[in-house]
Amino acid sequence: MMEIKNFINGVFVDSVSNEVLENINPATGKKYSTLPKSVAADVQNAIDAAQSAFAGWSQLEPRERGHFLRAIALEIQNNLEVVGHC
């Protein structure tokens, strides 16, 4: 069974609550993954990380940002098998 985590500040982390939710396939009734039961503190951690990253990101030239976004898109395409199961 796949275990999904929060991705905050470049790291996959559990929820502050350490609780998880189960994804269940409605067609089969079988569990296929777990994910963090995120709470307000998780959201605040993500907001803080995004605000910190924005300072550097906003200083990049549009071409540089485009380079990073294309690289991210390529990684997603290369991992569609994994992403498709989320």
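Tutor: Asn18 is exposed, with a relative accessible area of 61%; exposed means over 50%, buried under 20%, and partly exposed in between, with a 1.4 Å probe and protein chains only. The model is a predicted one, in which local features need pLDDT of at least 70, side-chain atom pairs count only at pLDDT 80 or more, and totals for chains, interfaces and linings use all residues. Residues are numbered from 1 along each chain as its sequence is written, and side-chain values use heavy atoms, with hydrogens and water left out.

Asn18 belongs to the loop between β3 and β4; strands are DSSP runs of E, at least two residues long, numbered from the N terminus. The phi of Asn18 is positive, near 60 degrees, although the residue is not a glycine. Most residues other than glycine have a negative phi. A further case is Asn9, whose phi is also positive, at about 60 degrees. Asn9 sits in the loop between β2 (6-8) and β3 and is exposed, with a relative accessible area of 62%.

The loop between β3 (11-13) and β4 also holds Ser15, which is buried, its relative accessible area being 3%. The side chain of Ser15 makes a polar contact, reaching the backbone oxygen of Lys37 at 2.8 Å. Such a contact is a pair of N or O atoms within 3.5 Å; within protein, one must be able to donate a hydrogen and the other to accept it, and residues adjacent in sequence count only if both atoms are side-chain atoms. Once neighbours within four places in sequence are set aside, Ser15 is in contact (heavy atoms within 4.5 Å) with Asn6, Pro36, Lys37, Ser38, Val39 and Asp42.

β4 and β5 (residues 31-36) pair in the antiparallel sense over five bridges; two strands pair if DSSP finds at least two bridges between them. Strands of a sheet pair through backbone hydrogen bonds. The sheet here is open, has three strands in the order β1-β5-β4, and shows mixed pairing. β1 (2-3) and β4 (20-24) stand at its edges with a single partner strand each, so one side of each has no neighbour in the sheet.

Notes:
Helix = DSSP H or I, 4+ residues; strand = E, 2+ residues; numbered from the N terminus.
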